[in-house]
Amino acid sequence: MTTSRPALVSPGASAGSAEPARDARARAAGPGAAPDTAGSQPRSAPAVSMAGALNRALRDAMAADERVLVLGEDVGRLGGVFRVTDGLRAAFGERRCFDTPLAEAGIVGFAVGMAMYGLRPVVELQFDAFAYPAFEQVVSHVAKLGARTGGRVRPSMVLRIPYGGGVGAVEHHSDSSEAYYAHTAGLKVVTPATVTDAYSLLRDAIDDPDPVVFLEPKRLYWSRSPVDLPVRAEPLGQAALRRAGRDVTVVTYGPTVPLALEAAQVAAGYGWDVEVVDLRSIVPFDDDTVVASVRRTGRCVVLHEAQGFAGVGAEIAARVQERCFHSLAAPVLRVTGWDVPYPAPKLEHHHQPSVARILDAFERLQWDDEPDARWLADT
Amino acid sequence: MTTETTGGLGAVVAKLLPSPSPIRFVDDGGEPVDEHGGYRPPPDELLVQAYEAMVLGRRFDAQATALARQGRIAAFPSSVGQEACQAGAALALRPGDWLFPTYRDSGALLSRGVDPLDVLAPVRGHRHCGYDPYAHRCAPMSTPLATQAPHGTGLAVAARWKGTDEVALVLLGDGATSEGDFHEALNFAAVFRAPVVFLVQNNRYAISVPLSQQSAAPSLAYKGIGYGVRAEQVDGNDAVAVLSVLAEAVDHARAGLGPMLVEAHTYRMGPHTSADDPTRYRDEAEVASWRGRDPVERLRAYLRRRGLLDDAAEAAVTARAEALAAGVRAGVAHDAHVAPTDIIDHVYAAAPAFLAEQRAALLSELDAGGEGAR
Ligand SMILES: Cc1ncc(C[n+]2csc(CCOP(=O)(O)OP(=O)(O)O)c2C)c(N)n1
Ligand SMILES: [Mg+2]
């Protein structure tokens with residue numbers, strides 16, 4: 001599949017690209033979280049981890065509004081298995097941050113009741129796959145209450161869910177479950193890729209009148225950036241351009257944003273100037289930013305770690321195709337995990353999108369205006 | 001009132017309720033005590049067998065914990081302190097019966113004859129389940145809490161309807177008894193008179209959450225009564241009592257008298273997994289108080305007192321435990337090879353076209369030596 005990839009050339013040179021690649025205007029992206037773009041953070045700001053920024057966001061939200069409370073499994077004394085709620089119980093007391101019995105349906109249903117009474121619960125569901133017992137409450141009540149009651153009841157709450165793989169975890173600890181929530185009308189679904197966004201989006205989510213599923217990329221929890229907290233970035237619902245480029249737009253979110261930036265760096269060496277859009281918010285979807293970018297570049301690759309079939313990428317590809325048809329020089333391609341249950345840790349890298357898999361997609365973007373032979377085979 | 005009314009509701013309830021304090025045969029120091037509420041003492045050979053299983057289980061656990069600390073395997077959920085329950089669960093069953101374990105129940109799997117390296121498969125990281133569930137009649141270790149409880153119930157009913165006398169034993173933790181699946185399983189089991197036994201290892205913690213915040217029930221065994229499930233509570237660190245009560249529960253189920261819920265009072269001596277820091281949520285003094293109630297030491301003292309264990313027998317058991325540990329070390333030293341395509345090959349009975357296409361794509365990634373091939 002990679003046989004026809006053009007030889008590696010230095011960034012800025014033209015190779016295999018219909019258009020000459022432009023100067024690299026984008027910042028270099030290091031490993032870990034995507035660079036924080038909000039404001040102009042002084043380089044001297046202390047390095048904060050994503051988990052630390054989330055903790056601070058909870059702390060600040062609880063201090064700002066006494067209706068905000070944190071509940072879930074092990075969030076109290078332990079401070080959460082990822083330490084995101086560390087110190088909250090000590091700071092705010094047992095009615096503001098508390099451990100519940102071990103029952104996710106109960107936790108979310110209980111939070112619905114509290115929200116109906118005017119509180120602002122922030123629920124921690126311990127891992128992606130352990131949120132499933134709460135699915136009925138989420139789908140049938142959290143998501144629907146607003147519509148069912150003609151807008152009279154708004155269960156304003158945040159469901160925080162650590163998600164995704166890449167951390168070598170045993171089974172049921174690595175699911176990318178965003179599509180289930182994104183498909184459920186009535187929920188907002190957001191996911192940060194930067195330390196700044198971890199703080200800013202969580203504050204926005206807690207303030208939001210609608211229920212928000214807040215997906216925290218596990219593999220970015222310990223990524224660090226120098227950020228002065230508190231910090232606010234684009235509002236919830238708006239995407240962010242993480243890298244400007246002229247040849248192709250990569251649309252992605254959460255854990256694969258750093259990967260997209262890494263692939264963009266490598267692609268520059270092949271003469272492809274890649275733009276990277278970080279959605280930040282899957283629902284609501286920021287059509288404007290995505291469409292503007294794809295109209296500029298004429299090519300689009302959608303990237304996520306979740307399996308592709310009926311995934312969020314399918315929705316993105318459809319929207320782009322509907323809105324950018326006349327600007328597209330190639331079909332919108334998806335780079336995703338395979339359509340399999342998340343593999344055992346030693347095999348997870350075979351599942352996850354890699355730089356190589358992304359570059360393969362770039363290569364199939366019909367740079368010579370030749371259709372992709374794979375779609376022409378007479379079957 | 002649909003319950004059989006001979007003797008009235010009070011008598012029915014009395015038959016279902018657990019004894020007011022946990023069943024015990026042996027006290028903390030290994031002395032026999034008369035707190036066994038009429039349960040029959042297990043045969044001596046079974047006690048000796050249990051002792052060996054417990055020593056092997058503990059050695060295996062220590063080895064796995066050491067490997068996890070060295071980073072050779074992933075975070076390991078130790079069952080140190082729960083050996084009486086682990087061995088007891090396996091030994092209560094016949095080869096044709098079924099075990100439904102959790103992530104913490106490697107000791108029970110070992111005692112049931114599963115290869116130690118296969119028990120460790122999830123933490124070795126190459127497979128989610130290392131053994132063939134049909135070969136050992138052990139379901140895959142269940143991580144989503146309590147979800148195995150309805151499975152054990154359904155299997156037990158299927159076995160009964162087929163006309164066999166097979167029994168299923170479901171292992172659970174105290175925390176898991178808060179999950180809806182546990183309650184639904186109890187209800188199904190009672191309604192269908194399933195030959196299933198639920199053994200709740202109440203080790204007093206669900207990660208950091210202590211029992212006092214988990215449940216206000218007088219004992220977790222009381223969760224049976226509302227469903228019409230007979231229940232019992234037992235000192236989970238007294239192997240003699242665990243074997244005795246489980247034998248009764250399995251017999252009860254096998255005889256077609258319906259399910260039974262057994263709560264074993266025990267203690268998780270180690271961290272939740274080797275990645276956990278229990279000092280954040282419990283006192284060392286509490287842990288120390290449980291050290292004096294160690295199930296292995298207790299059975300050992302009892303067996304020696306009864307003349308059922310001598311130095312030679314102990315030395316033989318120790319040697320077998322060391323051999324087991326050495327085998328685990330050697331086995332873990334080299335990676336079990338699993339083909340990358342394994343992640344695709346077993347998802348469907350036969351890969352549909354769209355997945356076959358992805359398999360081909362994975363193979364060509366591997367050919368190209370891309371990152372997928374690392
Ligand atoms: C449905 C579900 N929710 C949460 C978890 C995360 N989790 C794993 S073990 C555990 C505590 C379980 O406690 P308990 O049932 O007492 O068993 P123990 O670990 O003490 O053996 C939790 C919360 C899970 N595995 N499954
Ligand atoms: Mg427990």
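Along the chain, the donors of the magnesium ion (ligand 2) are spaced as D-x28-N-x1-Y. The model is a predicted one, and in it the residues behind that pattern are Asp174(B), Asn203(B) and Tyr205(B). Asp174(B) contributes OD, Asn203(B) contributes OD1 and Tyr205(B) contributes O, with the ion 2.0 to 2.1 Å from these protein donors. The pair Asp174(B) and Tyr205(B) ties together distant parts of the chain, 31 residues apart. Asp174(B) sits in the loop between strand E4 (168–173) and helix H9 (180–191) of chain B, while Tyr205(B) belongs to strand E6 (residues 205–206) of chain B. Both Asp174(B) and Tyr205(B) are buried.

Asp174(B) also turns up at the other ligand: it is one of the residues that come nearest to ligand 1, along with Glu104(A), Tyr103(B), Arg104(B) and Thr143(B).

As for polar contacts, chain A supplies Glu104(A), with a polar side-chain atom 2.5 Å from a nitrogen atom of ligand 1. From chain B, the side chain of Arg104(B) places an N or O atom 2.7 Å from an oxygen atom of ligand 1. Ala176(B) uses its backbone instead, with an N or O atom 2.9 Å from an oxygen atom of the ligand. On its own, ligand 1 has 580 Å² of accessible area, and the protein covers 96% of it.

How values were computed
Residues are numbered from 1 along each chain as its sequence is written. Chains are lettered from A and ligands numbered from 1 in the order in which they are written. This is a predicted model: local features need pLDDT of at least 70, side-chain atom pairs count only at pLDDT 80 or more; totals for chains, interfaces and linings use all residues. Side-chain values use heavy atoms; hydrogens and water are left out. Donors are N, O and S atoms within 2.8 Å of the metal (3.2 Å for Na, K and Ca); water is not among the atoms, so sites may look incomplete. Helices (H or I, at least four residues) and strands (E, at least two) are DSSP runs, numbered from the N terminus. Buried means under 20% relative accessible area, exposed over 50%, partly exposed in between (1.4 Å probe, protein chains only). A residue is near a molecule or strand if one of its heavy atoms lies within 4 Å of it. A polar contact is a pair of N or O atoms within 3.5 Å; within protein, one must be able to donate a hydrogen and the other to accept it, and residues adjacent in sequence count only if both atoms are side-chain atoms. Accessible areas come from the Shrake-Rupley method with a 1.4 Å probe; for residues, only the protein chains shown count as cover.
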